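Open the model in your viewer and keep the selection tool at hand. The stops below run one after another.

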Amino acid sequence: MLLSPQHRAGLAARARAEYKLRLLRLFGHELSWGRKPLFFEGMPIFRAKGPIVFGDDCRIRGGPVRPRMVTGPSGRIELGDRAGIGYGVEFYSEQSVRLGHDTIVGGLVTIYDTSFHPLEEGREVKVRPVEIGANVWIGRGATILAGTTIGDHAVIAAGSIVTGDVAARMLVAGNPAKPIRELNASEDWHRV
């Protein structure tokens with residue numbers, strides 16, 4: 001079978017990505033991936049003391065700012081099948097950050113499951129899992145904070161700061177993010 005130059009280049013890029021992921025695993029990172037991970041314009045920066053799991057056909061854009069994926073010893077980052085991650089996205093997990101299938105995360109988004117430090121003297125550091133459903137779209141520059149759950153088919157507007165739960169099929173925007181309107185999305189519809 002004769003392959004086009006574009007198809008050969010795509011296969012070579014995937015092979016290089018899998019080779020780099022295997023090397024990172026050799027250096028102590030707990031990485032696992034499904035079929036055909038695709039990294040455009042470079043690999044993310046990994047600081048993985050806990051596992052990072054890529055589903056099938058994940059797409060991650062590296063330029064102009066490489067994404068960062070950081071897990072503490074008890075942390076876990078899990079990307080569903082066909083997840084799309086934009087440039088400059090930062091994940092930080094001390095417990096659990098999960099993205100559902102077909103979810104799109106725009107450029108420069110931050111997703112943290114910890115507050116990193118106490119708000120005031122005598123308080124504990126907030127560490128709560130972040131659960132993001134299937135077919136969710138998170139707009140550029142949004143921030144998703146510890147303890148957030150986002151339902152399937154929801155949309156987070158660009159620049160929003162999400163501090164609580166977002167219902168399925170809801171458009172939210174602002175700081176803090178507030179419901180704008182309900183979205184029409186059937187179960188089998190996907191943005192990608």
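Start with S96, which is buried, with a relative accessible area of 14%. Buried stands for under 20% relative accessible area, exposed for over 50%, and partly exposed for what lies in between (1.4 Å probe, protein chains only). This is a predicted model: local features need pLDDT of at least 70, side-chain atom pairs count only at pLDDT 80 or more, and totals for chains, interfaces and linings use all residues. Residues are numbered from 1 along each chain as its sequence is written, and side-chain values use heavy atoms, with hydrogens and water left out.

Stay on S96. It sits in the loop between β9 (90–93) and β10 (97–99). Strands (E, at least two residues) and helices (H or I, at least four) are DSSP runs, numbered from the N terminus. Now show the neighbours of S96: R76, D113, P129, V130 and E131 touch this residue, leaving aside residues up to four places away in sequence. Contact means heavy atoms within 4.5 Å.

Next, select K49. Is K49 buried or exposed? K49 is exposed, at a relative accessible area of 62%. Its place is the loop between β3 (45–48) and β4 (52–54). K49 touches E30, T71, G72 and P73, again without residues up to four places away in sequence.

Now turn to charges. How many salt bridges does a search of the whole structure find? The search finds ten. A salt bridge here is a side-chain nitrogen of Lys or Arg within 4 Å of a carboxyl oxygen of Asp or Glu.

Select R61 and E41. They form a salt bridge, with the closest N and O atoms 3.4 Å apart. R61 lies in strand β5 (residues 59–61) and E41 in the loop between β2 (38–40) and β3, so this pair ties together parts that are 20 residues apart in sequence. R61 is partly exposed at 34%, while E41 counts as exposed at 52% relative accessibility.

Move to E78 and R98. Their side chains meet in a salt bridge at 3.9 Å, N to O. Because E78 lies in strand β7 (residues 77–79) and R98 in strand β10, the pair ties together parts 20 residues apart in sequence. E78 is partly exposed at 23%, and R98 is partly exposed at 37%.

E120 counts as partly exposed, at 40% relative accessibility.

Finish in cartoon view. An open sheet of six strands runs β3-β6-β9-β12-β15-β18, with parallel pairing. Strands pair if DSSP finds at least two bridges between them. The edge strands, β3 and β18 (161–162), each pair on one side only. Zoom in on β12 (residues 110–112) and β15 (residues 143–144), which pair in the parallel sense over two bridges. There, I111 stands opposite I144 in β15.
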